[in-house]
Every structure is written in structure tokens, then in C-alpha cells.
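Subject: Structure handover

Hello,

Here is the structure for your files.

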Amino acid sequence: VQAAIEARIDRLEPAAKRTLNAASVIGLRFTTDLLAEVGVDARVDELVALELIDRLATTTDAEYAFRHPLILAVAYESQLKSDRDQWHRRLAAAIQSRDPDSVEENAAIIAEHLEAAGELQESYGWHMRSAAWSTNRDVAAARRSWERAVNIADSMTDAVPDRLSMRIHPRTMLCATDWQARDVQQSRSRFQELQELCTATGDHVSLAIAMTGLAAESLYAGRVQEAAQLSSE
């Protein structure tokens with residue numbers, strides 16, 4: 001099936017193939033307006049005719065969807081990584097510019113595109129912005145963003161400026177909210193990691209913030225004496 005899809009894509013005219021490639025980076029559903037914002041003169045008729053995409057009749061905008069997720073995957077993977085990275089960068093910029101009032105709400109999407117493009121430091125910042133926006137709206141979403149930020153910071157080399165701080169900050173917020181996730185074993189392991197980082201940098205503030213999560217978890221579990229000791233510390 002994959003070979004058949006690849007052969008169908010190879011037969012596309014250059015403009016239609018460029019449209020399909022850019023769309024595959026956007027995702028399963030896309031609009032011609034967004035394609036235009038990343039510099040693509042959308043040629044969708046050939047793609048519809050070859051049953052690679054379908055127009056969604058339920059919307060007033062020119063919105064389309066890949067007929068099957070495998071078509072999207074083949075179109076995405078068949079591109080050079082450098083080309084995909086460029087599309088991801090353009091999409092991140094387009095999402096920021098098209099709706100400035102919703103940029104915080106879209107921070108997670110921007111972060112994902114920048115991460116996919118290899119712009120790790122910039123992506124880290126957007127994951128942290130997404131978490132800050134989500135904290136009082138959807139703590140589970142905020143925690144997902146902090147987890148992504150932790151993974152990015154851990155993957156960086158020591159040559160990156162402020163790497164230790166970047167490793168500390170999202171871990172601090174995860175530890176502070178671990179009691180809401182009710183994963184005691186992971187919470188203790190993560191706190192030990194954070195404690196080592198904070199000790200190495202002398203960051204007592206982050207350590208204190210993280211300990212509020214341990215104290216809350218102990219209190220809700222009925223371990224009042226432990227919670228009191230943590231609060232005192």
C-alpha cells in the first residue's frame with residue numbers, strides 16, 4: 001500500500017506535490033488559507049482527483065483532509081528532512097502572525113513545529129509559555145508541556161547557556177503539581193533529580209516550590225506528620 005501511495009505521489013505535478021508536502025506538515029486537516037501563509041499556491045484539484053485528499057463539505061472555508069493517515073505519513077516521510085524543517089519553521093511563524101491574540105493558546109502547536117524543525121531552545125520557551133497559559137485552565141495540558149520542556153532541556157549539551165536552569169524550571173512545576181497526578185513513585189524520583197540540580201546550583205527557591213507538591217501529596221494521603229515536616233523544611 002505504501003509503495004502504491006509513493007508511486008501516486010511521484011506522478012504529481014510539481015505544484016501539486018509541493019501542496020501535498022506542505023499539507024502533510026500541517027496535519028491531517030488543513031486549509032488553503034494556511035497553505036498560502038506559508039508560501040504555497042495551493043493546487044488541490046489534482047490531489048482530490050487522485051483521491052489523496054478530500055474537501056470537507058461541512059465547512060465554509062476551503063478546508064481539506066487527507067483521505068487516510070497513511071497518505072499523510074508517506075507524504076511527510078518522503079520529503080528531505082531539511083525541507084520538512086523549513087515547512088515547520090514557516091508554520092510556526094504563520095501561526096504566530098495570523099492570530100496574535102491567540103498566540104498563548106496556540107503556544108503548544110508552535111512549540112511542536114519548532115521542536116520538529118530542530119529549534120530546541122526556541123521550542124523549549126514555547127512549551128513553557130504553553131504550560132503557563134494552561135496552568136489554571138487545564139493542569140494536565142500544562143504538565144504535558146512541562147514534560148516536553150524537560151525532555152528538550154535534558155537532550156541539550158552542557159554548552160547551551162542556562163541549561164541547568166532550563167532543566168530545573170519545568171521539573172519544579174511538575175513536582176509542585178505531582179500530587180494532582182497521583183503518581184507517588186514518579187513524584188519521588190523526579191524530586192530527587194530536582195534536588196540534585198538545585199543543590200548544584202544553589203537554587204533554594206525552586207526546591208521550596210517543588211516541596212509544596214510533596215507536602216500536599218503527604219497531606220492528602222493522611223501522612224500529616226510527614227506533611228508538617230516537609231512544610232517546616
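The model is predicted: local features need pLDDT of at least 70, side-chain atom pairs count only at pLDDT 80 or more, and totals for chains, interfaces and linings use all residues. Residue numbers start from 1 along each chain as its sequence is written, and side-chain values use heavy atoms, with hydrogens and water left out.

Whole chain. The chain has 13 helices and three strands (DSSP runs, H or I of at least four residues for helices, E of at least two for strands, numbered from the N terminus). Its C-alpha trace spans about 70 × 40 × 40 Å along the principal axes. Of the 233 residues, 43% count as buried (under 20% relative accessible area, 1.4 Å probe, protein chains only).

Helix pair. H2 (residues 14-26) packs against H6 (residues 81-98) at an angle of about 65°, with the axes 9 Å apart (lines fitted to C-alpha atoms over the stretch in contact; angles run from 0 to 180 degrees between N-to-C directions). On the H2 side, Arg18, Asn21, Ala22, Val25 and Ile26 meet Trp87, His88, Arg90 and Leu91 of H6 (contact means heavy atoms within 4.5 Å).

Regards

How values were computed:
Buried means under 20% relative accessible area, exposed over 50%, partly exposed in between (1.4 Å probe, protein chains only).
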